[in-house]
Amino acid sequence: METPVIASQEISKNERAYSFIFWFGLFIVLVACDQILKVLIFNFPSQSQPWLLTSFAGGFGLQLYTNAEFAFSAPIPKFLMYSVYAVSTVALAWWAKVSWKNLASPSKIAFIIILAGSASNLGERLIVGSVRDYLLVANGIFNLADVYILVGVFWYLVREFWPK
C-alpha cells in the first residue's frame, strides 16, 4: 500500500526545487557576467578611447593581461597547476554539498560567489588555455571572477567567525 503524501511534504519538495533553481540560477548569472565582461573588454577596446586601457590615479585602472600561468602568475608545471585546480574545485564542491543544509542563506551566497568565480576561471583556463585579467589594482591584475572569490571568502569568514 502506498503512503499518502502529506501537504507539508509536497511543499517541502517544491521549496527544494525552487531553492535549487534559485542557487543554480545565481551561479549561472555570476559566471555569465564574468565571461561577458571579459569578452567585451578583450574584443572591443576602442582606439578612440585610449583611457580605457590606462591606469588611473593610485595604480587603479584597466590593463589587458592573458595569464597562462598558475594563480598570481606563479610559474609551475601545467600538470601540477591543473591538478591543484581540479582537487580544490572538487573539494570546495564536496564541502558545499556536505554542509549546504546547515548553512544560513548569507553563507550560501558566499559559497555560490566563490564557486562561480572558481568555475568561471577554471572553465576559461580549460577552454581557452589561459585566464583573461583586466582590473589593474596596485601592482596586480585581476578579473571579476577573482573578485568573486575574494569577496566570497571574506564574506564567508566574517559570517562564520565574527563574534555575534
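Reader: Which elements each supply at least two residues of the lining of the largest pocket?
Author: β2 (60–67), α2, α3, β3 (131–137), β4 (140–142) and α4 (144–161). Helices (H or I, at least four residues) and strands (E, at least two) are DSSP runs, numbered from the N terminus. This is a predicted model: local features need pLDDT of at least 70, side-chain atom pairs count only at pLDDT 80 or more, and totals for chains, interfaces and linings use all residues. Residues are numbered from 1 along each chain as its sequence is written, and side-chain values use heavy atoms, with hydrogens and water left out.

Reader: Which element gives the most to that lining?
Author: α2, with five residues.

Reader: And what is the lining made of, by class?
Author: 13 nonpolar, eight polar and three charged residues. Ala, Val, Leu, Ile, Met, Phe, Trp, Tyr, Cys and Pro count as nonpolar, Asp, Glu, Lys and Arg as charged, and the others, Gly among them, as polar.

Reader: Switching to helices. At what angle do α2 and α3 pack?
Author: About 150 degrees, for α2 (residues 78–99) and α3 (residues 105–128), with the axes 11 Å apart. Axes are lines fitted to C-alpha atoms, for helices over the stretch in contact, and angles run from 0 to 180 degrees between N-to-C directions. α2 is therefore roughly antiparallel to α3 (angles over 145 degrees count as such).

Reader: Which residues of α3 make the contact?
Author: Phe 111, Ile 114, Leu 115, Ser 118, Leu 122, Arg 125 and Leu 126. Contact means heavy atoms within 4.5 Å.

Definitions and conventions:
Parallel < 35°, antiparallel > 145°, perpendicular 65-115°, else oblique.
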